[in-house]
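Try each task before reading its solution.

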Amino acid sequence: MEKEKIPQQVDYTLIFIMFLMAIVSTLAIYSAQATLPEKLQVINFAARQIQWYIIGGIVVIGTMIIDYDRFKQLSWYLYGFGMLLLLGLEILPQGIVQTIKGATSWYNLGPLGNFQPSELMKIIMIIVLSKLITDHREKYPNSDIQDDFLLIGKIALAAAPPLFLLYRQPDMGMSMVFCAIIGSLIIVSGIKWRIILSFVGTAVISVSVLVFIFIQFPKFFNDHIMKTYQLDRFYGWLNPYEYAGEQGFQLVKSLLAIGSGELKGKGYQNLEVYLPEAHTDFIFSIIAEQFGFIGGSIVISLFFLLIYRMIHIALESNEPYGSYICTGIIGMITFQVFQNVGMTVGLLPITGLPLPFISYGGSSLATYMIAIGLILNVRSRTRKYMFD
């Protein structure tokens with residue numbers, strides 16, 4: 001059967017979903033502008049978000065043009081570049097790098113804003129781990145337990161350096177996203193389930209040990225395991241109303257905003273609850289206050305459609321490498337949506353992770369547009385045959 005041209009393989013459904021998210025994002029950020037401090041109200045964040053979406057559209061086209069096999073060939077070079085960016089946060093002076101809320105995670109690009117290299121590193125990790133798994137399965141098509149442990153060792157060696165540097169920043173939220181990416185790829189890598197379950201059991205035991213250390217040796221825990229500001233987030237999450245003046249302030253305000261929206265919301269730009277970081281971390285609360293349960297449900301439904309479409313593309317792909325790339329991106333986006341929405345309603349602790357495609361943010365939006373470009377790339381090079 002003659003190959004179809006790439007333009008005929010473009011997933012217009014996925015592009016339309018992204019268009020709807022761009023509209024939701026711009027409207028939500030524009031309404032949140034009025035709740036920001038006066039020094040920030042002079043900045044038109046909605047216009048900037050539109051600019052980033054335009055830049056992201058160009059990035060998507062550029063990512064689609066390059067065959068994703070090229071990314072496979074360049075994966076270790078990209079990995080080295082990403083590690084250099086993360087190392088730069090450790091060794092470069094303040095002014096070039098920037099510390100926000102105790103985390104040294106950004107480069108100061110002056111009028112262009114801040115750039116968070118860990119955002120780009122997420123995509124690089126997906127590309128690298130997908131290559132590792134693909135190459136391993138080609139070499140060991142009929143793998144046994146030893147081969148599976150070898151693959152786990154390879155994944156661990158590739159993931160450990162960036163995770164260590166994220167721990168050093170420290171950036172707990174981004175570390176959790178990396179773990180979600182690694183976990184999603186391990187699940188589909190063909191590793192035997194008894195091995196995966198043994199690692200899950202080990203993780204549960206490790207968490208239990210950390211809880212024991214926190215209860216019995218709080219000073220050691222605070223000095224060597226988790227910083228004070230990170231612990232404050234857990235205090236504010238577990239008992240927000242007791243710590244409503246400090247650690248639980250954001251969660252209490254978020255619950256008040258979402259609850260006051262009720263079923264239909266208060267109407268566009270009718271915001272009565274002050275929320276810090278309203279245009280970034282708590283954009284979902286802004287949407288729920290204005291449009292209520294119905295508006296929040298529509299936003300979540302858009303993400304369900306997005307993830308469903310990406311799963312469909314991953315299953316249709318003719319090449320394992322393309323399927324692994326899609327899986328890593330699905331794991332990344334799904335976790336961040338679950339974490340962001342979960343923290344705004346009190347199900348999960350506040351970590352500062354933005355809502356993908358909706359929250360304001362240049363480097364994060366550009367990263368997710370690269371991810372969409374890779375998904376569309378895989379789709380455009382998936383061939384359908386009359387007889388499989």
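A cavity here is a set of grid points where a 1.4 Å probe fits but cannot get out. Keep in mind that the model is predicted.

**Exercise 1. How many cavities of 30 Å³ or more does a search of the whole structure find, and what lines the second largest cavity?**

Step 1. Searching the whole structure turns up two cavities of 30 Å³ or more.

Step 2. The second largest cavity holds about 40 Å³ of space.

Step 3. Its lining consists of Pro354, Leu355, Pro356, Phe357, Ile358, Ser359, Gly361, Ser364, Leu365 and Tyr368.

Step 4. Sorted by class, this lining has seven nonpolar and three polar residues, with no charged ones.

**Exercise 2. Work out how helix H1 and helix H3 are oriented to each other, and describe their contact.**

Step 1. Start with the geometry: the axes of H1 (residues 12-32) and H3 (residues 45-65) come within 8 Å and cross at roughly 160 degrees.

Step 2. Angles over 145 degrees count as roughly antiparallel, so H1 and H3 are roughly antiparallel to each other.

Step 3. The handedness of the H1 and H3 crossing is right-handed.

Step 4. On the H1 side, the contact uses Met18, Met21, Ala22, Ser25, Thr26, Ile29 and Tyr30, while H3 brings Phe45, Ala46, Gln49, Ile50 and Tyr53.

Step 5. These contact residues comprise nine nonpolar and three polar, with no charged residue.

**Exercise 3. Are H8 and H14 parallel or oblique to each other, and which residues make the contact?**

Step 1. H8 (residues 172-188) packs on H14 (residues 320-344) at an angle of about 135 degrees, and their axes are 8 Å apart.

Step 2. From H8, the contact includes Met176, Ala180 and Ser184; from H14, it includes Tyr324, Gly328 and Phe335.

Step 3. By class, the H8 contact with H14 has nine nonpolar and six polar residues, and no charged ones.

**Exercise 4. Find the orientation of H13 to H15, then sort their contact residues by class.**

Step 1. The axes of H13 (residues 283-316) and H15 (residues 362-380) come within 9 Å, crossing at roughly 40 degrees.

Step 2. That makes H13 oblique to H15.

Step 3. The crossing of H13 and H15 is left-handed.

Step 4. H13 contributes Leu306, Arg309, Met310, Ile313 and Glu316, and H15 contributes Ile372, Ile375, Val378 and Arg379.

Step 5. The contact of H13 with H15 divides into six nonpolar, no polar and three charged residues.

Key. Residues are numbered from 1 along each chain as its sequence is written. This is a predicted model: local features need pLDDT of at least 70, side-chain atom pairs count only at pLDDT 80 or more; totals for chains, interfaces and linings use all residues. Side-chain values use heavy atoms; hydrogens and water are left out. On a 1 Å grid over the protein atoms alone, a cavity is a set of points where a 1.4 Å probe fits but cannot get out, and a pocket is an open set with protein on both sides within 12 Å along at least five of seven lines; lining residues have an atom within 4 Å of a point. Grid points are joined across faces, edges and corners, and a volume is the space filled by probe spheres set on the points. Ala, Val, Leu, Ile, Met, Phe, Trp, Tyr, Cys and Pro count as nonpolar, Asp, Glu, Lys and Arg as charged, and the others, Gly among them, as polar. Axes are lines fitted to C-alpha atoms, for helices over the stretch in contact, and angles run from 0 to 180 degrees between N-to-C directions. Helices (H or I, at least four residues) and strands (E, at least two) are DSSP runs, numbered from the N terminus. Angles under 35 degrees count as roughly parallel, over 145 as roughly antiparallel, 65 to 115 as roughly perpendicular and the rest as oblique. A crossing is left-handed if the near helix is turned anticlockwise from the far one by less than a right angle, and right-handed if clockwise. Contact means heavy atoms within 4.5 Å.
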